[in-house]
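Morning, everyone. I have one structure to show, and a few spots in it to walk through. Here it is.

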Amino acid sequence: MFMKFNKNENVKIKHLPEHGPIDEAGKEILLSLKNVDITFGKGDKAVRAVKNASFDIYKGETFSLVGESGSGKTTIGRAVIRVNPCANGRIFYKGVPISGKIPKSLDREVIRNIQMIFQDPAASLNERATVDYIISEGLYNFHLYENEADRVAKVENMIEEVGLLREHLTRYPHEFSGGQRQRIGVARAMVMEPELVVADEPISALDVSIRAQVLNLLKKFQKERQTTYLFIAHDLSIVRFISDRIGVIYKGDIVEIADAEELFNFPLHPYTRSLISAIPIPDPELEKRKKLFAYDPSIHDYSESKPSLQDIGHGHFVFGNEAEIEKYKQIRKSGTTLKSITIMTDEEMAAEAQTNQYDTVDESAILDTPIHDTGNILYTIGAFIPIVGTIAGFIAGAIFKKHNYIRNYKACKKGAIAGLCALGAIIGLFGLALLCAVL
C-alpha cells in the first residue's frame with residue numbers, strides 16, 4: 001500500500017510531474033503521507049495531535065478519514081494543503097515532497113491542484129465579496145482565463161453546474177441558505193479544476209435533505225473530471241456509500257484502513273466497532289433495543305510490545321502490537337462477518353434497566369444551586385452602606401451561605417467588606433482632622 005521512493009528526497013523539485021508513482025497493483029498514487037507527526041505548542045505544553053500517520057490516496061478515488069471530534073482529522077487535512085506544518089515525516093503529492101519549505105513555483109502548483117471545501121459554509125465565505133468574485137478569486141490569482149469573457153463564461157458555467165443561477169453571481173453570501181453557501185464553496189474549489197479536493201465535513205452543517213444533494217454534486221464532479229477526494233467525516237453511515245476506502249483515526253493514531261465494505265464486514269479494531277455501533281437504526285423500536293459497543297482503551301497493553309499499523313491482507317491495515325495483529329489475522333482468515341450492532345431481547349432489556357437504575361444521576365444535585373442565587377449587585381450596594389448596611393450585609397451573607405445561595409453570599413460579603421473599609425477610612429480621616437485641630 002505505502003509508496004516507496006528511490007529518488008533523493010532532498011532534491012528541490014520545482015514542478016509537479018504529470019503522473020504520480022504507480023504501486024504494485026498498478027494504481028497511481030496521488031497523495032501519500034509517510035510517518036507524519038503534527039504537534040501544537042512547544043516544550044512541556046506541546047500536544048501531539050497526529051502520530052506517525054501513513055496512508056496513500058489513489059487517483060480518482062474517495063478516501064474517507066473518520067473519527068470523533070478532536071481525533072486529528074481536520075489537522076491532517078490542513079497539513080495536506082500546507083497550513084499545518086509537519087513536526088516529523090513527509091507528505092508527497094505525485095511522488096514530490098510538498099511538506100516543509102518548497103520552491104515558490106511548486107507551492108503555486110500545489111495550491112492550484114489541491115483545493116479544500118470547508119465545514120462551515122458561512123464562515124468560509126467572504127461576506128463583503130460577491131459570489132462572482134468569490135468564485136473568480138482563484139482564477140484571478142493564477143490567471144486561469146484568456147480574457148474577461150473567458151472568465152465570465154467559466155464562472156457562469158460553474159455556478160450552473162452546482163445548481164445555482166447566473167443572477168446569483170451579483171449577490172452576497174448572507175443572502176443564501178446554508179446549502180446554497182456550500183454549493184458556492186464547492187464552485188469556488190472546482191472552478192480551479194483541482195486533481196485533489198480535501199472535503200472537511202462538507203455536509204455536517206447542512207440539513208439532512210440537502211446533504212444528499214451536495215454528495216451527489218461531489219460524485220458528479222468525480223465522475224466527469226476524475227477528481228480525487230480526501231473526505232473528512234465523523235459519521236460512518238454516510239461515508240460507507242461514497243467511499244472507496246476508509247481510514248479510522250483515534251486520538252491522532254490511524255487505527256484501521258480498508259475498503260469500505262471490507263471495513264464494515266470485518267471491523268477488527270475495537271474503536272472501529274464502536275463507531276459502527278453508534279450508527280442510528282431507522283426503526284425506532286430496534287434503535288431502542290440496540291446495545292452500543294463501548295470502546296475502552298485500557299484493554300490494550302502496550303507496555304512491552306509497541307503497536308504499529310500492520311497489513312493483515314485483503315488491503316486491510318490494523319493498528320496493534322504483535323499479539324493483537326496475530327489475533328486480527330486469525331479473525332480475518334476465518335471469513336466470518338463481524339457484527340458490531342446487537343439488538344437486545346426483552347430479557348436483556350429488563351436486565352439492562354435493572355443495572356442502570358443504580359447508575360442514575362441524583363436529580364436533586366441539579367438544584368444544589370438555587371434559582372434565585374444571582375449575586376445581584378443591589379446586595380453589594382446595600383451592604384456597602386456604613387454601619388447599618390454593613391451589619392445587615394454580614395447577617396444576610398451568613399443566612400445566604402447557610403442555604404447555599406453562594407453568589408448572593410459573595411455579593412453581600414463584598415459590599416460589607418468594602419463598607420468596613422470605607423467606614424475605617426472615614427474614622428481615620430476624622431481622627432486625623434481632630435488631631436490637627438487640637439495641635
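First, the ground rules. This is a predicted model: local features need pLDDT of at least 70, side-chain atom pairs count only at pLDDT 80 or more, and totals for chains, interfaces and linings use all residues. Residues are numbered from 1 along each chain as its sequence is written, and side-chain values use heavy atoms, with hydrogens and water left out.

Start with helix H5, residues 178-190. Helices here are DSSP runs of H or I, at least four residues, and strands are runs of E, at least two, numbered from the N terminus. H5 has 13 residues, so at 1.5 Å a residue it should span 18 Å. The expected span is 1.5 Å times one less than the number of residues. Its end C-alpha atoms are 18 Å apart, which agrees.

How enclosed is H5? Largely, because ten of its 13 residues are buried. Buried means under 20% relative accessible area, with a 1.4 Å probe and protein chains only. Among them are Arg 181, Gln 182 and Arg 183. The buried residues pack against strands E6 (114-117) and E7 (196-200), and against helices H3 (131-142), H4 (148-161) and H6. Contact means heavy atoms within 4.5 Å.

Now the cavity. By cavity I mean a set of points on a 1 Å grid, over the protein atoms alone, where a 1.4 Å probe fits but cannot get out; lining residues have an atom within 4 Å of a point. The whole structure has one cavity of 30 Å³ or more.

Which residues line the largest cavity? Thr 62, Leu 215, Leu 218, Lys 219, Tyr 229, Phe 231 and Ile 242. H6 gives the most, with three residues. The lining divides into five nonpolar, one polar and one charged.

Next, Gln 222. It is found in H6, residues 208-225. Gln 222 is buried, at 7% relative accessible area. Its side chain reaches the backbone oxygen of Thr 227 at 3.3 Å, and that of Glu 61 at 3.5 Å. Gln 222 also touches Gly 60, Thr 62 and Tyr 229.

Last, Thr 272, in helix H9, residues 270-277. Thr 272 is buried, at 0%. Beyond four places in sequence, its contacts include Leu 236, Val 248 and Pro 267.

That's the tour. Questions, please.

Methods
Buried < 20%, exposed > 50% of the residue type's maximum accessible area, 1.4 Å probe, protein only. Polar contact = N/O pair within 3.5 Å; in protein donor to acceptor, adjacent residues only side chain to side chain. 1 Å grid on protein atoms, 1.4 Å probe; cavity = no way out; pocket = protein on both sides within 12 Å on 5 of 7 lines; lining within 4 Å. Points joined across faces, edges and corners; volume = space filled by probe spheres on them. Nonpolar A, V, L, I, M, F, W, Y, C, P; charged D, E, K, R; others polar.
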